[in-house]
Structure formats: structure tokens, C-alpha cells
Amino acid sequence: MSGSSKGLGTESLAFFWEERAEPGPGRSMDSHSLRVLEFHAVLDCLAAETASVLGRQRAVALAPSADADLVAQRLAETTEARALLLRAPVTGMERAADIRPALARAGIVGARLSPPDLLAVADTLEAAELT
């Protein structure tokens, strides 16, 4: 991707907030168009700005959407997030870990979490409280 992304407003990225799926009804871009537009590079830039593993995973899983309601919802979420960031920077999210495997184990009767799993859960909960 050539040039700088500094001029790219966050609103421009909001329409990408749909889980990646194959083009079909309701989809406006095919894989060739995404390749020509270097969409993967846009996702890489977005992922580089995230503060957590889960944020990075979610960023690289985005795909364009032609659903007007979804686009409007994501633009509203983006506007709200920008307003929150203008009030104060979000801190602590880099400490959030992917605790999904630990949570799945915790749901099994008789299963126990290891001390590192418990620390990861505690750190993630603390990071959530700071935001």
C-alpha cells in the first residue's frame, strides 16, 4: 500500500466491520477487487493500531459490507469511539489476553484453571475496568 494512512479518517474504515466471508448476495466486492485495492494492507495497518490480541484478530477478519444498516451502525460506533478517544486515551487494553480457551475450560465441571490462566483472566478483567 503506497502513501501514508494519516489522512484516512476512522469513518472510512467503519464499513469494513463484517466478518470475512465469500462474496455473494449483499456483497459488493470480489476477491480480485480487494487484491487490487490492497485491502489486506489496509487491514494490516488497522491491526497494527490495535491494543490487544483480540483487537488484532478482529481487525484482520473484517470485510466490506453492502448492508446499509450495518454500515450505518458501524459508522455510529466509530463516531462514538472517536468521541471517547478525544476525552481520554484508552489505557490498559494491551494487557487484555485471549482468555477464551481458559473460559471454555472453566465451563467444564471439575476442570481447573492453571495459575497462568488465572493471572491472564485477572489481567484482562483489570484492563476492562481501566477502560
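Good morning. I begin with helix α2, whose buried residues pack against α1 (31-36) and α3 (53-60). Helices here (H or I, at least four residues) are DSSP runs, as are strands (E, at least two), and they are numbered from the N terminus. Contact means heavy atoms within 4.5 Å. Buried means under 20% relative accessible area, exposed means over 50%, and partly exposed lies in between (1.4 Å probe, protein chains only).

A word on the model is needed. It is a predicted model, in which local features need pLDDT of at least 70 and side-chain atom pairs count only at pLDDT 80 or more, while totals for chains, interfaces and linings use all residues. Residues are numbered from 1 along each chain as its sequence is written, and side-chain values use heavy atoms, with hydrogens and water left out.

Now to the overall picture. The protein has six helices and zero strands, so that the pattern read along the sequence is α-α-α-α-α-α. Of its 131 residues, 21% count as buried. The protein exposes about 9,100 Å², and carbon and sulfur atoms supply 60% of that area. Accessible areas come from the Shrake-Rupley method with a 1.4 Å probe; for residues, only the protein chains shown count as cover. Among contacts between residues at least 6 apart in sequence, 70% join residues at least 24 apart.

Let us return to α2. Which residues of helix α2 (residues 39-48) are buried? They are F39, A41, V42, L43 and A47.

How do α2 and α3 lie against each other? Two packed helices are described by the angle between their axes and the distance between the axes. The axes of α2 and α3 come within 8 Å and cross at roughly 165 degrees. These axes are lines fitted to C-alpha atoms, for helices over the stretch in contact, and angles run from 0 to 180 degrees between N-to-C directions. The two helices are therefore roughly antiparallel to each other, a term for angles over 145 degrees. The contact is made by L43, L46 and A47 of α2 and by R56, A59 and V60 of α3. By class, this contact has five nonpolar, no polar and one charged residues. Ala, Val, Leu, Ile, Met, Phe, Trp, Tyr, Cys and Pro count as nonpolar, Asp, Glu, Lys and Arg as charged, and the others, Gly among them, as polar.

Next, the loops. E38 is placed in the loop between α1 and α2. Although E38 is not a glycine, it has a positive phi of about 55 degrees. E38 counts as partly exposed because its relative accessibility is 30%.

A97 lies in the loop between α4 (68-87) and α5 (100-106). A97 counts as partly exposed, at 24% relative accessibility. What does A97 touch, not counting residues up to four places away in sequence? A97 touches L54, A120 and T124. The C-alpha atoms of A97 and A120 are separated by 6.1 Å, although the two are 23 residues apart along the chain.

Finally, P101 is placed in helix α5 and, at 46% relative accessibility, counts as partly exposed. P101 and D117 are 16 residues apart in sequence and 9.0 Å apart in space, C-alpha to C-alpha. Thank you for your attention.

Technical notes. Parallel < 35°, antiparallel > 145°, perpendicular 65-115°, else oblique.
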